[in-house]
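Please read it alongside the sequence and the model.

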Amino acid sequence: MSAPVRYIDRTRDYYLGQGYDKPYEWAHHEDAPFTPLTKPLSESRVAIVSTSDIAVKKPDGDRDRDNEFAVGNVYSLPSDTPIDLLYSRQEHYDQHATTLDDVNAYYPVSRLGELVDRGRIGELAPRFHGVYTGYSKRKTAEIDAPEVLRRCIEDEVDLAVMTPV
Amino acid sequence: MSLVARHLEANGIPTVMFGTAKDIVEHCGVARFVFLDFPLGNSCGRSFDADHQHQILELGMQLLEHATAPRTTVQASGIWNDDDAWKQLIFTDDQPFLSGQALENWMTAKQRYRDKKAAGEL
């Protein structure tokens with residue numbers, strides 16, 4: 001097995017080659033906060049937080065990004081939305097190697113539901129949350145992250161499963 | 001995504017991250033990370049392979065139960081395919097990351113961002 005792709009180096013070189021002169025500065029921290037589980041998994045309420053741009057199919061076309069439920073770059077979907085109605089609008093993935101046709105490959109809602117059925121986790125939170133990715137690390141840290149936290153607290157979430165695409 | 005995970009952890013909500021970009025996640029630093037060496041788009045397992053997806057998710061559950069310190073990464077099992085062409089080609093001139101409509105959409109979104117910034121809306 002070869003080494004993992006070094007995306008930070010690869011994207012910097014790629015965009016420099018395309019004429020962008022200022023490389024994107026990825027967020028960097030030496031330390032990381034850590035919270036232990038507060039209760040057994042089998043009693044925990046679980047939410048998904050995802051940047052996979054998950055959306056609900058509607059008969060009249062696409063979902064509006066500026067819908068009334070969105071605050072900044074955060075929006076929420078009922079966790080019991082039927083999987084057949086979900087899809088991703090994300091385009092920043094390896095379109096040459098894979099597809100986003102199987103929602104559970106990046107937004108594991110069915111798999112989590114099965115863990116509930118088996119008693120491995122307690123239950124699903126009523127809402128799952130989406131965050132649109134943006135250029136501004138400050139906005140993500142100061143606006144979006146607190147909004148996700150607020151919604152998780154409101155739903156009495158015990159732990160969060162974080163999924164990019 | 002990592003910044004949001006960090007904020008939840010800092011405020012009392014445990015998290016586990018599933019991802020395919022090991023360097024980006026570890027550069028930022030999160031509490032618990034299940035790394036899968038697959039192309040971007042398959043952070044939670046092979047498409048249409050529920051067994052593999054369960055393996056990945058279970059690794060994350062075990063990490064939640066057993067990790068005692070931040071920056072704990074485990075690598076999930078699974079090889080995308082027999083050759084590593086996708087690793088060699090992603091973000092190279094030979095294979096543009098975005099093309100066609102996806103590229104147009106990205107350029108449009110960037111312009112919208114610039115316009116909003118210029119108008120003082122951001």
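A salt bridge is taken here as a side-chain nitrogen of Lys or Arg within 4 Å of a carboxyl oxygen of Asp or Glu. By that rule, a search of the whole structure finds 19 salt bridges over all chains, and one of them joins R111(A) to E114(A), whose closest N and O atoms are 2.9 Å apart. The model is predicted, so local features need pLDDT of at least 70 and side-chain atom pairs count only at pLDDT 80 or more, while totals for chains, interfaces and linings use all residues. Residues are numbered from 1 along each chain as its sequence is written, chains are lettered from A and ligands numbered from 1 in the order in which they are written, and side-chain values use heavy atoms, with hydrogens and water left out.

**The interface of chain B and chain A**

- The size of an interface is often given as the accessible area lost when the parts come together.
- Between chain B and chain A the buried area (the accessible area, with a 1.4 Å probe, that two parts lose on being put together, summed over both) is about 6900 Å², and carbon and sulfur atoms give 64% of it.
- More than any other three residues, M1(B), H27(B) and F91(B) contribute to the area that chain B buries against chain A, supplying 10% of it.
- Counting contact as heavy atoms within 4.5 Å, 79 residues of chain B and 73 residues of chain A take part.

**Polar and charged pairs across the interface**

- Three salt bridges are counted between chain B and chain A, and the side chains of R6(B) and D31(A) meet in a salt bridge at 3.9 Å, N to O.
- There are 35 residue pairs in polar contact across this interface, both residues being at pLDDT 80 or more; a polar contact is a pair of N or O atoms within 3.5 Å, where within protein one must be able to donate a hydrogen and the other to accept it, and residues adjacent in sequence count only if both atoms are side-chain atoms.

**Elements at the interface**

- Helices (H or I, at least four residues) and strands (E, at least two) are DSSP runs, numbered from the N terminus.
- On the side of chain B that touches chain A, the elements giving two or more residues include α1 (2-10), β1 (15-19) and α3 (50-66) of chain B, and α3(B) gives the most, with nine residues.
- Strand β7 (residues 159-163) of chain A runs parallel to β1(B), the two being joined by three bridges, and T15(B) in β1(B) is the bridge partner of A160(A).

- Relative accessible area (1.4 Å probe, protein chains only) under 20% counts as buried, over 50% as exposed, and in between as partly exposed.
- R111(A) and E114(A) are three residues apart in helix α2 (residues 109-118) of chain A, about one helical turn; R111(A) is buried at 10%, whereas E114(A) is partly exposed at 26%.
- In helix α1 (residues 7-17) of chain A, R12(A) and D9(A) are three residues apart, about one turn, and form a salt bridge with closest N and O atoms 3.2 Å apart; R12(A) is partly exposed at 33%, and D9(A) is partly exposed at 25%.
- E142(A) and R138(A), four residues apart in helix α3 (residues 137-154) of chain A, form a salt bridge with closest N and O atoms 3.3 Å apart.

Notes:
Two strands pair if DSSP finds at least two bridges between them.
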